Amino acid sequence: MAESFVLNTGARIPSVGLGTAKTEPGTVGEAVYAAIKAGYRHIDCAPAYRNEKEIGLALKKLFEDYVVKREDLFISSKLWSGNHAPEDVPEGIDTTLEDLQLEYLDLFLIHAPVRTNKGAVRTAENYITLDVPATWGAMEKLYDSGKARAIGVGNFSCKRMEDLLAIARVTPAVNQVESHPGWQQMKLRELCESNGVHLSAYSPLGRPGSPAFTGPSFLSNPIVISIAEKLQRSPAQVALRWGLQMGQSVLPKSINETRIKENFNILDWSIPEDLMSKFSEIPQIKTLRAEFVVHPQGIYKTVEDFWDGEI
Ligand code: A2P
């Protein structure tokens, strides 16, 4: 299995990247340092995670310590919800670049179909109607300028992807969505694949232990456990490897060095075809339903509205 996938820009996105959402202050910098030392070359960031300054300091130290060169890394980040107005998009990437202490991003995504007025608190009642064509036009200009070497979207449903593909001058390189054996995204995967859009998986472990998800974790599904036992790997490794074999890059989040290494150790073995076919029997449950986007006065009255019924 290749250690990277080719994007429609011709650039390569590493197969495994480090997710950095929901980290306590003071933990993500060490995780980034440990991940790069362990061989990771992709760090997935976002201003919404409120830790880009800390990541920037870790990257600076990695460069100063000659652990890695900027050109060997793939750094992705995302547009803040308050910067969707075309005139505010450049400021969105500039703030991120300043915090990360970088000159360019390898990938810049519209984080989610969530927009607020500039400076407004990002709560559901403050959400305003999106204008994806206008925001995308400004993203295309960032791509033209070279500040974002690839552009894409996050949390876009099939419907939103189709609408965007219909108007895009620059085809999105990536759609970053929740994807794992317990939420396989088959329809979206097919749509993306047939349009040259790479699917990148956040929460590829299904957010085990998240207080926001109380459903059964697919990591304890007997099918996953029996495959893990047969291959002498952990259920987490099997889940991540499934993702690679489905053609998606995976972005497991961890701040624990042992698990950071475990999650990267998925490149030199594979799940045989007969075991891959068993994954279709795993019940499908989305772990990030995003109830927090729903508000009676907001633009999303139900989670179904937000995901265009694809939930
Ligand atoms: P921790 O940071 O303490 O390692 P996801 O990437 O699907 O959103 O999942 C992130 C959650 O999974 C975090 O709570 C993380 O905790 C935990 N995690 C990361 N790697 C593993 C692993 N290999 N096995 C079990 N849990 C893991």
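Q: Is N263 buried or exposed?
A: N263 is buried, because its relative accessibility is 3%. Buried means under 20% relative accessible area, exposed means over 50%, and partly exposed is in between, using a 1.4 Å probe on protein chains only.

Q: What sort of model is this?
A: This is a predicted model: local features need pLDDT of at least 70, side-chain atom pairs need pLDDT 80 or more, and totals for chains, interfaces and linings use all residues. Residues are numbered from 1 along each chain as its sequence is written, and side-chain values use heavy atoms, without hydrogens or water.

Q: OK, back to N263. Where is N263?
A: N263 sits in helix 9. Helices (H or I, at least four residues) and strands (E, at least two) are DSSP runs, numbered from the N terminus.

Q: And what does N263 touch?
A: Setting aside residues up to four places away in sequence, N263 touches V16, Y40, L205, A236, L240, P252 and S254. Touching, or contact, means heavy atoms within 4.5 Å.

Q: Which polar atoms reach the ligand's oxygens?
A: A polar side-chain atom of S203 is 3.0 Å from an oxygen of the ligand. For L205, a polar backbone atom is 2.9 Å from a ligand oxygen. I255 also has a backbone N or O atom 2.9 Å from an oxygen atom of the ligand. The cut-off for such N or O pairs is 3.5 Å.

Q: What about helix 8: why is it called largely enclosed?
A: Nine of the 11 residues of helix 8 are buried, so the rest of the structure largely encloses helix 8.

Q: Which ones are buried in helix 8?
A: The buried residues of helix 8 are A236, Q237, V238, A239, L240, R241, W242, G243 and L244.

Q: What covers them?
A: The cover over the buried residues of helix 8 includes strand 1, helix 6, helix 7, strand 10 (249–251), helix 9 (257–264) and helix 10 (273–276).

Q: And what comes just after helix 8?
A: G247 does, with a positive phi of about 95°.

Q: Which residues other than glycine have a positive phi?
A: Q185 and Q232 are among them. Phi of Q185 is near 60°. Phi of Q232 is near 55°. Most residues other than glycine have a negative phi.

Q: Where do those two sit?
A: Q185 is in the loop between strand 8 (174–178) and helix 6. Q232 is in the loop between helix 7 (222–231) and helix 8 (235–245).

Q: Are they buried or exposed?
A: Q185 counts as buried, because its relative accessibility is 17%. Q232 counts as exposed, because its relative accessibility is 72%.

Q: New topic: where is A11?
A: A11 is in the loop between strand 1 (4–6) and strand 2 (12–14). A11 is partly exposed, because its relative accessible area is 35%.

Q: What is A11 in contact with?
A: Leaving out neighbours within four places in sequence, A11 is in contact with F5 and V6.

Q: And how many residues apart along the chain are A11 and R149?
A: They are 138 residues apart along the chain, while their C-alpha atoms are separated by 8.4 Å.

Methods: Polar contact = N/O pair within 3.5 Å; in protein donor to acceptor, adjacent residues only side chain to side chain.
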